[in-house]
Amino acid sequence: MTATRDALRSYLRGREALGVPEVFLSGASRDDVLDAVRGAASHVQDPAPAGTDVGRIAREGTREDILGISDMENLRRVAEACSRCGLHSTRTKVVFADGPAEAKVLCVGEAPGANEDRTGLPFVGRAGKLLDRLLLSVGFSRSEVFICNVLKCRPPGNRNPLPDEIEACSPIMLRQVELVRPAVIVALGTFAAQTLLGTRDSLRHLRGRTHLYEGYPLVVTYHPAALLRNAGWTRPSWRDLQLARRIVDGDHGGSTLGEQVEGEPATNPDNPGSPAGSQGRLTLGGRDG
Ligand code: SF4
């Protein structure tokens with residue numbers, strides 16, 4: 001029942017964020033349904049955390065086991081002990097997430113790089129600092145954003161994740177989304193976008209509009225490591241984050257690329273607080289955050 005209510009609440013939130021607040025029902029008014037959904041959000045009690053068999057789920061838990069974990073702390077404990085795919089044998093640290101569990105913005109990248117594997121934190125390198133500046137340029141400080149990756153352990157040599165690794169690990173990310181309940185998800189890069197949306201479409205086709213992931217509005221943008229290799233993508237990324245900003249602010253009028261704000265950013269995404277107009281002169285990159 002709880003899962004049904006969560007799904008309904010997510011669905012309604014997503015529809016509302018897309019500017020489609022109406023749902024046609026028979027036998028109940030719109031207010032009746034919204035009251036019930038909002039009431040469920042404030043009264044539903046999660047099962048006791050003590051019921052989570054962390055050791056068993058970390059060893060052999062199914063997707064359903066992961067999705068049934070009731071709180072972020074037990075989800076973290078499962079991830080940090082996880083041996084459900086081969087990456088557990090080569091990782092240094094599990095990179096679970098960074099940021100508050102009540103965040104309005106949830107960013108999802110691909111997988112940890114060398115810096116993340118060493119520190120246990122996502123997006124801590126040069127790409128992470130660029131991401132921080134981009135977020136700040138649209139009014140989101142890093143400390144208020146929940147950041148994670150599809151994979152929690154680093155693939156050796158930053159190779160591409162394998163299908164069985166994605167299948168094993170992605171339920172952890174999905175459960176993170178369900179527990180945070182963000183106003184918007186920002187998919188960073190092709191891999192995260194394609195994995196979350198279940199598509200092989202290119203970033204070019206996926207950017208510039210609002211998608212839905214499990215009922216949550218989702219915006220696609222470049223991975224910050226890609227921006228380090230191509231500074232010309234910084235401004236399009238800023239536009240993508242402007243779209244995320246508008247969704248959080250409840251302004252649904254600009255959900256397509258053609259409606260995005262023209263002109264200069266209010267602040268330079270490469271250096272918030274500085275005048276707009278100068279692109280970054282950053283080079284190199286890789287998956288490392
Ligand atoms: S990548 Fe995910 S599924 Fe694989 S060992 Fe790490 S936490 Fe477990």
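**Setting up**

I am working with a predicted model, where local features need pLDDT of at least 70, side-chain atom pairs count only at pLDDT 80 or more, and totals for chains, interfaces and linings use all residues. I number residues from 1 along each chain as its sequence is written. For helices (H or I, at least four residues) and strands (E, at least two) I take the DSSP runs, numbered from the N terminus.

**Entry: α8 and its partner**

Next I looked at how helix α5 (residues 72-80) packs on α8: the angle is about 165 degrees and the axes are 11 Å apart. That makes α5 roughly antiparallel to α8. Axes are lines fitted to C-alpha atoms, for helices over the stretch in contact, and angles run from 0 to 180 degrees between N-to-C directions. Angles under 35 degrees count as roughly parallel, over 145 as roughly antiparallel, 65 to 115 as roughly perpendicular and the rest as oblique. I noted a left-handed crossing for α5 and α8. The hand is left if the near helix is turned anticlockwise from the far one by less than a right angle, and right if clockwise.

**Entry: α7 and α12**

Helix α7 (residues 126-137) packs with α12 at about 50 degrees, their axes 9 Å apart. The two are therefore oblique to each other, and α7 passes α12 in a right-handed crossing.

I checked both lengths against the expected span, which is 1.5 Å times one less than the number of residues. α7, with twelve residues, reaches 17 Å from its first C-alpha to its last, close to the expected 16 Å.

Then I looked at burial (buried: 20 or more other C-beta atoms within 10 Å of the residue's own; exposed: 12 or fewer; partly exposed: in between; C-beta atoms placed from the backbone). In α7, nine of the twelve residues are buried, including Leu130, Leu131, Leu134 and Leu135. Among the buried residues of α12 are Trp238, Leu241, Leu243 and Ile247. Just after α12, Gly250 takes a positive phi of about 80 degrees.

**Entry: single residues**

Asn158, in the loop between β2 (145-149) and α8, has a positive phi of about 60 degrees. Arg181, in the loop between α8 and β3 (184-188), has a positive phi near 55 degrees. Is Arg181 buried or partly exposed? Arg181 counts as partly exposed because it has 18 C-beta neighbours inside 10 Å. Asn158 is partly exposed as well, with 16.

Last, I looked at Leu67 in helix α4 (residues 63-67). Leu67 lies 109 residues from Gln176 in sequence, and their C-alpha atoms are 9.1 Å apart.
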